[in-house]
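Q: Could you take a close look at the aromatic pairs for me, and walk me through where they sit?

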Amino acid sequence: MNQSNYDEQNRFKASFHAAYAAPTPHRYLHNMTAVDYRMADYMNPFLTAVVDASVSPSPQRPVRIFDLGCSYGVSGALLKTDCSYQELAKFFRCETSLEYSLCVTESKRWLESHVAREDVEVVGFDSSAEAIRFATASRMIDKGITRNLEENESELTEDERSLIRQCDVLLSTGVIGYVTEKTVNPILDEFGHDVRGPLGAVAIMSVLELFDPEPIAKSFAEHGYRFGQLPIRMPQRRFADEEEREGVLEALRDRGESTAVQDSEDQMFASLCVAAHPQSFEALTKRMSEVVETLPTKVCVGHKEPTTFSESKVSGSSVE
């Protein structure tokens, strides 16, 4: 699937692009709260379990997360603190200034008062310079890379490659579909080369059901990973309006997908996908299954059968 294919599917979705160009997260959080966005909350228990499993018995450095499409660093902040997405959004809505410098100061103070774990570092990656600027200044993330690899002739610098090599966990919360294998491939060329944790380099991603994960699965397989779409469905957000609702449902029906749940609950859903090198894949999926057992049904609606994208499907060789 190339960018034109994703563009076709994206035309059914409401665009929130302008929200990522503001100097502070206020507009982004306002827009997301308006459509009851909660994916960061749903993903956080799974991400936390992956991080816990990636801690070395004799840790010499924190577990490093590569947050692909990090925007203002919300996922990183939730991972480091004991707060929910709604609590974070309320903080920005009620307790922070719209002025950039003051908002940065207030955000740093809030994060420092809510830190629950200090054994993680987050490297954020996003095409929005404004979002990366705020996320790094406020410490929502620890380091940031501003880059749009979907653009022709855009390349990672050596410093950026070095950062990516040191990351243990690749996180993507809803960015697949905005980015294609043009972004994923050069990142996987570098990702996890310096990892020493028990699981090795692993990835955890939420992918909207509107988008086919197979092209991304192929990228992972070509880099030596096993990729799986787990039988876990998570509500992403409510439809922004009737036009988006009808367009998304039509696109899903055209692909032969059932739309009963999306239609009745007026929600867009995402699948949980994971990737790891073959020797670690079963341990990773076992961790995800353990998390499911601790969560309420609304967080992990498991209507779909598990799908493993074996190398035979995505790259021509056989695994299963």
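A: Happy to! A search of the whole structure finds ten aromatic pairs, where rings of Phe, Tyr and Trp (its six-membered ring) pair if their centres lie within 6.5 Å, and planes under 30 degrees apart count as stacked, over 60 as edge-to-face and the rest as tilted. Take F66 and F125: their ring centres are 5.6 Å apart with the planes at 45°, so this pair is tilted. The pair links distant parts of the chain, with F66 in strand 1 (residues 63-68) and F125 in strand 2 (residues 120-126), 59 residues apart; strands (E, at least two residues) and helices (H or I, at least four) are DSSP runs, numbered from the N terminus. F66 is buried at 0% relative accessibility, and F125 is buried at 3%; buried means under 20% relative accessible area, exposed over 50%, partly exposed in between (1.4 Å probe, protein chains only).

Next come Y72 and F134, whose ring centres lie 6.3 Å apart with planes at 65°, so they meet edge-to-face. Y72 is in the loop between strand 1 and helix 4 (74-80) and F134 in helix 7 (residues 129-138), so the pair ties together parts 62 residues apart in sequence. Y72 is buried at 0% relative accessibility, and F134 is also buried, at 0%. Both belong to one aromatic cluster, which is formed by Y28, Y72, F91, F92, Y100, W110 and F134.

A word on the basis: this is a predicted model, where local features need pLDDT of at least 70, side-chain atom pairs count only at pLDDT 80 or more, and totals for chains, interfaces and linings use all residues. Residues are numbered from 1 along each chain as its sequence is written, and side-chain values use heavy atoms, leaving out hydrogens and water.
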